[in-house]
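Subject: Structure handover

Hi,

Here is the structure I promised to pass on. Have a look first, and my notes follow below.

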Amino acid sequence: MKIERNESIFLEILFLRTLYANKKAVWWTSVIQILATLVIYVKTDHPIYAAFALAFFLIVLGRTANANAFEQKDLSSATMADLRTWEWRYLVGAISTCILLGLLCLVSIYVLADPSAAITSVAIVVASMVALVTRNYVSPTVVIGMSIGVLAPLFLTFVLLGGIYNWLLALLILPYFWSNIRIASKLRQSLWDALLGKQQLSVVVSHFDAALNGMPQGLLMFDRNQTITVANMKAAKMMGFDEPDQVHGHSLQSLLRLARVKAYFPEETQASLSGKMQDLLSGRKERDMFVSPAKRHYEFTATPDPEHGTVLIFQDVTRRAEAEAQISRMARYDSLTGLPNRSQFAEIARTYIDGIEPGTQIALMVVDVDGLKRTNDTFGHRIGDELLRAFADRLASVDVKHPVISRFGSDEFVLLFQAATRDDLLQSVERIMATISGQYTISGHEILTGAHAGVVIVCAAEFDLAVMHMNADLALDVAKKDSQKHWAVFVETMDQSFRSKQRLKSDLRKAIAEGTLSVAYQPIINVRTLRMVGCEALSRWNHPEYGPISPAEFIPMAEEMGLISDLTQNVVEQAIKDCSLWGSRIAVSINLSSHDLQNMDMADIIRSALLRHNVEPEMIEVEVTEGAIITDREATGGVLQSLKAMGLQVAIDDFGTGYSSLSYLKDLPVTKVKIDRSFITDITEEGRSLKLLRGIVQMTHELGLSVTIEGLETREQFALINRWIGAEYVQGFLYGAATTAENIAKNFDIEMVQLPVKPRNGGIAAAG
């Protein structure tokens, strides 16, 4: 039988020959097994042992026939699959014998429980296991299969017998099985080492050559004279050669000249590349980059060795370089419009002043696109993105001098441009606003879009990007608040106003945190008795420097800062405390904002204050506006229902000024309606206003709700309300503005005097 040159095939054939070489040993072992089984049969007279003897005999006949067939087989052209088939054929016979041995023990020990049969069976198994490893160690598959075939039934036997002793014996089989595997592995490793000892050097060389030529990088090894001693296939190909042998023995300069002759790179590039490689070989640099005329990027890395020279590794990193360039661009430019982003704009702006004549005027313009969210909600974000691209195109099309255009955020664009005079810049702003505002046709949709802008203009000597941007933002805020014009130019008063507002915000935050805001109360009068039956709690802020601050100013500010709920809690605590001090003789009405109605803890906050000050819930009324309710009707309804369940009264404030007043009366747990002051302003002059007010009051009464009319300022108004309207309660300057808790206490149980107060516009702010 010829030896296959392929190493793995050769070793596999050698292992198979070792397996099948045990034909005589297998035969004699089987004879012993057959005789022992027949002895048991004679002893026990049980026919199953005769069946075991016959089975052993048939298996050994099959294994002998298979071994003879293997000896006759010419394996010179066998494939690995063929050899695996022979291994499995051997395994089938071997494992069949082992399974029979295991079953023999199971029957003798557990099924029949014959002591002599059990001893004989175990003896056969022990003898067979000794031969199992020594004869079959070359094949781990055979060793594992035969071991499982013998030991698994034996393991099952001890488990079925039960008892700690038998279970311990079963567990001891596991390390025995593992020792068989380890012994076979050691023997097989010894054989392997012996076979490969003489071939080790050639194999290592072969593997080294395969690894060297399989590298994705090119590799050149230079000796101390800068002559190439080792090169791989990748290096040869990258330098324009077919084989590594064509590179061996060349110096660096010779290699570069040959590469240039092969038109790998032009002559003018040779000097640059030669200089880079000399720096690497001499150790002056460890890494360098070379860009070929074809725009290919190559990275060189040198590892110098004083004893053996230098290893130079280089690879084509064009894709990585392009990816890094793309990432760099993405980091500096807006992916949607292609305009510079915030960071890139700052870099450009830092050098913008260079080369500008001293008298030049520079403008920074911050532009916000109007209604982008509405466009996204109506047409989808894809249309919104296309609109932004079209908007950016229009910005870029405007004829201004040296423009720098950037997109800072979702709907915010920033422009930097210059002109000779301030008037020229203002005209440019007019052109820009006219260009970007108007009709856009996006994917068949006609979208009308405007913009607001803030502009700051400085001379070149005063250019400071950070300050200009901040001032342009202030101008933009002013422009958004001015309904007459869509853009504004920064003036110093804007900065003063901004700083004053920021100071006021800081002071308000401190005042709320320290609880220094006070609560004033405006009386609510029973129309029939003219006695005070309640009062509305109103927050007041007396600033230590600016004096009284209007609620119309600081309450929206608190909402903007997210402090309105803290403010409400202060009012709740003080109002319930004062109600307790009044002996709960009159009710107190407390306003809740939309933020308060989103706060699911509001009911617990009020309940806690009631318990702390021992006030009955019926003495407290909460007022909510229609605007506050519409924010989230489901959440609002839940909070109001909780308050109503506690026993609090619920009033709709400023009724008639919202969106769906009647639906609120039907769906929400309302007990009172407070009609807005706008309904009584002209009832003394306009009959239709009087009829409308009377109709609202009648409808409200039919729903079982009481009515308070706000904004009462004249005796004539009161007379009409008392005679024609039929409302239960009134509130307004006619019976007093908001006052202190002490003054409220002085008016218990007395008829209120109508004050000679003339109508005035300040009533809203004072009562807010």
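Helices H18 and H19 are roughly perpendicular to each other (that label covers angles of 65 to 115 degrees, while under 35 is roughly parallel, over 145 roughly antiparallel and the rest oblique). Their axes cross at roughly 80 degrees and come within 10 Å, with H18 spanning residues 492-514 and H19 residues 551-560. Axes here are lines fitted to C-alpha atoms, for helices over the stretch in contact, and angles run from 0 to 180 degrees between N-to-C directions. Helices (H or I, at least four residues) and strands (E, at least two) are DSSP runs, numbered from the N terminus.

On the H18 side, the contact uses Lys-501, Leu-504, Lys-505, Leu-508 and Ile-512, and on the H19 side Glu-553, Phe-554, Met-557, Ala-558 and Glu-560. Contact means heavy atoms within 4.5 Å. Sorted by class, that makes six nonpolar, four charged and no polar residues (Ala, Val, Leu, Ile, Met, Phe, Trp, Tyr, Cys and Pro count as nonpolar, Asp, Glu, Lys and Arg as charged, and the others, Gly among them, as polar).

Before you read on, note that this is a predicted model: local features need pLDDT of at least 70, side-chain atom pairs count only at pLDDT 80 or more, and totals for chains, interfaces and linings use all residues. Residues are numbered from 1 along each chain as its sequence is written, and side-chain values use heavy atoms, with hydrogens and water left out.

The axes of H15 (residues 381-397) and H16 (residues 422-436) come within 9 Å and cross at roughly 150 degrees, so the two are roughly antiparallel. Phe-391, Arg-394, Leu-395 and Ser-397 of H15 meet Ile-432, Thr-435 and Ile-436 of H16. Those residues split into four nonpolar, two polar and one charged.

With H14 (residues 372-379), the axis of H15 comes within 7 Å and crosses at roughly 140 degrees, so this pair is oblique. Here Leu-372, Thr-375, Asn-376 and Phe-379 in H14 touch His-381, Ile-383, Gly-384, Leu-387 and Leu-388 in H15. The contact has five nonpolar and four polar residues, and no charged ones.

Stepping back to the whole chain: there are 29 helices and 21 strands. Of its 768 residues, 45% count as buried (under 20% relative accessible area; exposed is over 50%, and partly exposed is in between, with a 1.4 Å probe and protein chains only).

What about the cores? The largest nonpolar core has 67 residues, and Tyr-521, Val-588, Ile-606 and Leu-643 have the most contacts inside it. Helix H22 (residues 602-613) gives the most to this core, with six residues. A second, separate core has 38 residues, including Ile-34, Tyr-90, Met-146 and Phe-158. By nonpolar core I mean a set of buried Ala, Val, Leu, Ile, Met, Phe, Trp, Tyr and Cys residues joined through side-chain atoms within 4.5 Å.

Thr-708 lies in strand S20 (residues 706-710) and is buried, at 0% relative accessibility. Leaving aside neighbours within four places in sequence, its contacts include Ile-524, Lys-672 and Tyr-729. Asn-542 lies in strand S14 (residues 532-543) and is exposed, with a relative accessible area of 58%. Not counting residues up to four places away in sequence, Asn-542 touches Gly-547 and Pro-548.

Cheers
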